[in-house]
Amino acid sequence: MWGCGVLVRARTRSRLRRELFPAWDRGGFAAAPYSASAERSRVRALVYGHHGDPAKVVELKNQELAAVGGSDVHVKMLAAPINPSDINMIQGNYGLLPKLPAVGGNEGVGQVVAVGGSVTGVKPGDWVIPANAGLGTWRTEAVFSEEALISVPSDLPLQSAATLSVNPCTAYRMLMDFEQLQPGDCVIQNASNSGVGQAVIQIAAALGLRTVNVVRDRPDLQKLTDRLKSLGAEHVLTEEELRKHEMKNFFKDMPQPRLALNCVGGKSSTELLRHLAASSFLRISNFEAFGCPSGRRTTVQPSSRS
């Protein structure tokens with residue numbers, strides 16, 4: 001059942017991406033030219049009028065572009081990813097649900113085409129991302145209010161800018177909000193190859209933190225290990241390796257983790273807990289939160305460690 005669900009989601013994401021951004025699959029999206037005189041009748045959006053299976057309820061529709069005035073900003077979307085949280089929102093089982101009918105997509109990056117007379121924070125040519133979830137980024141163009149947007153540098157890689165507001169923000173908050181970490185401190189996490197996990201690796205490296213990154217075993221483990229280390233991972237271990245008795249010697253050569261980040265649960269989280277230093281934190285996190293991790297914080301006292 002789990003495998004079927006993954007396949008359905010993968011097919012749904014592929015179809016939605018092809019319908020809204022056909023140039024993305026041809027590898028030419030970032031370089032595609034744009035003219036302010038483009039046909040307004042070709043403004044397209046992926047819209048759903050009721051909750052349900054995204055493959056059934058999401059429709060590709062033409063929309064009229066609203067006039068720009070006052071604090072309005074006309075934005076041409078450059079790229080918009082499909083996150084699991086986007087799918088959950090369409091299904092109706094996410095914590096934040098926009099008013100229907102709604103345009104899908106919580107994350108993305110666009111380029112400012114025109115601004116209203118009272119807009120001061122952005123100008124034509126600037127890149128912008130959503131300030132909050134629910135903006136509806138699965139569209140080719142739209143007119144948003146200035147307060148709904150955040151300006152970002154236009155020299156960022158396109159895919160990095162388009163995925164800036166969910167996973168990196170979540171990773172940063174988990175590293176900063178629950179323990180006062182100092183350079184040289186150790187953080188351990190599972191699902192280290194996830195979007196948030198990779199962001200944790202990069203941010204931790206920039207902060208001078210040491211990381212132990214746990215992944216599931218797989219045929220291409222060495223390839224994955226090399227990729228995570230290229231991002232700044234100090235150690236990459238499989239869940240099986242983490243359970244071995246030899247791990248006691250491993251932590252003789254480096255400090256025990258002061259913070260654990262878990263998004264798997266079960267035995268995997270138990271293993272993270274076993275290796276935490278006394279009075280440290282295990283973060284049980286939903287990695288799909290929109291820049292705002294949810295879950296619980298657990299204080300680990302010496303008596304609770306096995």
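Are Phe250 and Phe251 buried or exposed? Both residues are buried in this predicted model.

**View 1. The aromatic pair of Phe250 and Phe251.** The structure contains 1 aromatic pair. Its ring centres, those of Phe250 and Phe251, lie 5.0 Å apart, and the ring planes meet at 85°, so the pair is classed as edge-to-face. For an edge-to-face pair the planes must be over 60 degrees apart. Phe250 is buried, as is Phe251.

**View 2. The largest cavity and its lining.** The count of cavities of 30 Å³ or more is 1. The space in the largest cavity amounts to about 30 Å³. Strand S3 (72-79) and strand S6 (127-130) are the elements that each supply two or more residues to its lining. S6 gives the largest share, 3 residues. The lining is made up of Val75, Met77, Gly110, Val128, Ile129, Pro130, Leu135, Thr137, Phe144 and Leu149. By residue class, the lining has 8 nonpolar and 2 polar members and no charged ones.

**View 3. Val215 and Val236.** These two residues are separated by 21 residues in sequence. Their C-alpha atoms lie 7.3 Å apart in space.

Methods
Residues are numbered from 1 along each chain as its sequence is written. This is a predicted model: local features need pLDDT of at least 70, side-chain atom pairs count only at pLDDT 80 or more; totals for chains, interfaces and linings use all residues. Side-chain values use heavy atoms; hydrogens and water are left out. Rings of Phe, Tyr and Trp (its six-membered ring) pair if their centres lie within 6.5 Å; planes under 30 degrees apart count as stacked, over 60 as edge-to-face and the rest as tilted. Buried means under 20% relative accessible area, exposed over 50%, partly exposed in between (1.4 Å probe, protein chains only). On a 1 Å grid over the protein atoms alone, a cavity is a set of points where a 1.4 Å probe fits but cannot get out, and a pocket is an open set with protein on both sides within 12 Å along at least five of seven lines; lining residues have an atom within 4 Å of a point. Grid points are joined across faces, edges and corners, and a volume is the space filled by probe spheres set on the points. Helices (H or I, at least four residues) and strands (E, at least two) are DSSP runs, numbered from the N terminus. Ala, Val, Leu, Ile, Met, Phe, Trp, Tyr, Cys and Pro count as nonpolar, Asp, Glu, Lys and Arg as charged, and the others, Gly among them, as polar.
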